Structures are given as structure tokens and as C-alpha cells.
Amino acid sequence: MWRKEILILLTLSFLSVLGFMLLGEKKSNQPLKVYVIFQEDEGRILLETFKKKTDQPYEIIRMSSGEANYHLLTLGKTGIDVVLGGPADLHEQLKNKNKSLHYLSPAIGNIPIKYKDSDGYWTGMYMGALAIGVNPNVWQRDPDLASLPMPQRYEDLLRPELAGKIQISDPETSGTGYTLLASLAQERGEQEAIQLMQALKNQSTTTTFAGITSAQRLAEGEVAAVVSFLGDQLRFKNSGYDIRSVIPPQAGWEIGAISILKGGNNPAAAKKLVDFMLSRDVQIDYMNTAFSFPVKPDLPINPLLASAKMENLLPHYRFDLAAKNREQLMNKWKTAHK
């Protein structure tokens, strides 16, 4: 009899300890900390949906690609769980500096190899193309521009009539700007790339901190033309602004990626976020929100992207080289415009 009583007491004690552990785990459930490199409103919608599905609290920190590069690679900041979005060259640098964790999501299967890291440290979520955007209203009302054809190539933005009427983003702070510089360097060599970027900078009213800012100023009529990602331009076009976009020959492009960082407090929740972001329904919703091209071949593209000339993209743009050469290329860029 006493053995049975002891067994019952031990069982109750075990259940009490287990219950305490489970409750304690729930109460100490720390927020998933996420660096979001694309638009904050898009990131917040995605993370709110993720929270509803998983009951996982989160903290969102909006950063440009250049800021994230500085915080994670220069300062070595820890405590962040996931880098969500931003060009693949940033994620490639995190991998090379041993800052990210290997994770192969079950949802990665049909993503082509060119859109993901072959070693499994980052996975592409979307693809975006650089484009020249023009505000037709500003263009046609400007007596110096009205009779000119709208630009089709980067060099068209160097016409004297466009001085002070265009805008590019800063390659030091902006993933858009660095994608432009790095793709030009791979296409035509570093010296010629820096010369063209410098000429575009001299034509610009100012260089913006982030690519989305250029697209916004274009939409609001502050400038006549910009170079930014097509998705940013279409975001404003979809809101009713008149913007015409063209992908110039040999244009750079990005793979917006996701990776899990070492030093985070929630690796299990981070993996769930990767799975969530790569799921079919979320991918479709995001493509229609961000006007990006899908990385999964069986997903439909947004109708606003149907006329984009994808054949104009630089076919062999390499993110690993963009990552490897960043410091050298940026040092040359800084020296050139001192």
C-alpha cells in the first residue's frame, strides 16, 4: 500500500514540476527580435500574422541595409534573432563572418538554387529589379524636359537638362544604392562604375538614405526621375501616383533574403518565422504587397509586373562577389567623392 502512495506522490510531484516549467517557459517567452530591411508597415503586417498563428511576441527594428551591415558586422551587435529582407549580399556577408546559423527550411524545396545559399545559411524570399522611374507630370511640365524622350538607360540621366532633377540613393547606407554600384562594377569594371555613379550623384538633388525615399519623392513630384527598385516605384503607382518605370539594359537586381543570426534568444521561433515566410500563402500575399517577383516558380506575379522586361537584367550578377568586394568597392567610392 505504501509503495502505491509513494508512487502517486512522485507522480504528482513530477506533474507539478512539469507544470511549473511549462508555465515558467510561457511567462519567460521573450520576444522574437527581427531586423526588417524592407518597409516597416509590410514587416509589421507579416509579423502580426505570424504572432496570431504562433502566439509568438516580437520586436521589430526597421533598418536600412547599410545600417544593418554596420550594426551586425562592424559593431558585432548580438541579441537579434532574424534579419528579414535586404539584398542577399548582406546575408552572404553575415554567413562569411560566421554571424548566421545554418537552417534548411522544409519550405525551401522548389526554390531554384540561384535564389538561395547553397550552404543553407540564407534563403531568398523575393526578387527585385533596379529600374529608372519617371514622373510624367513633372517631365511634361518642365520646359527643358518636355521635348526630350524619357530615359531608357542610366546614361540618359546624365543629360544636362536633368541636372538637379534626378535622385539616387547612397550606396553606403542603402541596399538599393549598393546594388546599383555593385552591379555596375560587375558589368563594366570598378573604375567605370564609380565614374558613372559619381556622375549620377552630381546630377542628383541629394543622395537618399534609403531607396524607398527616392521613390516617394518621385511620386510626390519633387524630382523628375530616380533609380530605385521597381517594387518601390510600383508601390506608389498602385496608390494612384503616375509613375513610369523601365528596367535599363544590364540592370542590377536583388534577392531579398532571410537568415537566422547567432546570439539570438529564440532560435526555435526564428526557424518558425523562416518557415512562415517561405510558405505559399505568405509568399503570394507578400508579392502582391511589395510588388516583387516570386522566387518560387509556381507563384503568379502581380499584374503590374507583367510588362517588366526581365531580359534587361544583368544575367550573371553575383551576390557572393558583391559581398566579398563591398569593403574595397566602398573605400574606392568614398575616396572618389571626397
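How much space lies in the second largest cavity? The model considered here is a predicted one, and in it the second largest cavity holds about 50 Å³ of space. By class, seven of the lining residues are nonpolar, three are polar and none is charged.

This cavity is one of three in the structure that reach 30 Å³ or more. The largest cavity contains about 340 Å³ of space. A total of 26 residues line the largest cavity, and those nearest its centre are Phe38, Gln39, Phe229, Asp232 and Glu254. Several elements contribute at least two residues each to this lining, namely S3, S5, H6, H8, H9 and helix H11 (280-290). Of the lining of the largest cavity, H9 provides the largest share, with three residues. Its composition by class is ten nonpolar, eleven polar and five charged residues.

Helix H8, one of the contributors to the lining of the largest cavity, spans residues 211-219. Within H8, the residues Gly211, Ile212, Ser214, Ala215, Leu218 and Ala219 are buried. Viewed down the axis of H8, these buried residues fall within an arc of 155°, and they therefore line one face of the helix. Just after H8 comes Gly221, which takes a positive phi of about 80°.

Which residues of H3 are buried? In this helix, which covers residues 65-74, they are Ser65, Gly66, Ala68, Asn69 and Leu72. The buried residues of H3 line one face of the helix, because they fall within an arc of 155° when seen down its axis. They pack against strands S1 (32-36), S3 (82-87) and S10 (253-261), and against helices H4 (88-96), H6 (175-188) and H13 (326-336).

Attention may now turn to charged side chains. The structure holds 17 salt bridges. In one of them, the side chains of Asp119 and Lys95 meet with an N to O distance of 2.8 Å. This pair links distant parts of the chain, 24 residues apart: Asp119 belongs to the loop between strand S4 (100-101) and S5, whereas Lys95 lies in helix H4. Are these two residues buried or partly exposed? Asp119 has a relative accessibility of 40% and so counts as partly exposed. Lys95 has a relative accessible area of 18%; because buried means under 20%, Lys95 is buried.

Asp156, by contrast, is buried, with a relative accessible area of 14%. These residues belong to a network of salt bridges that links Arg153, Glu155, Asp156, Glu187, Arg188 and Glu192.

Terms used. Residues numbered from 1 in each chain as written. Predicted model: local features only at pLDDT ≥ 70, side-chain atom pairs only at ≥ 80, totals over all residues. Heavy atoms only, no water. Buried < 20%, exposed > 50% of the residue type's maximum accessible area, 1.4 Å probe, protein only. Helix = DSSP H or I, 4+ residues; strand = E, 2+ residues; numbered from the N terminus. Arc of directions from axis to C-beta. Contact = heavy atoms within 4.5 Å. Salt bridge = Lys/Arg side-chain N within 4 Å of Asp/Glu carboxyl O. 1 Å grid on protein atoms, 1.4 Å probe; cavity = no way out; pocket = protein on both sides within 12 Å on 5 of 7 lines; lining within 4 Å. Points joined across faces, edges and corners; volume = space filled by probe spheres on them. Nonpolar A, V, L, I, M, F, W, Y, C, P; charged D, E, K, R; others polar.
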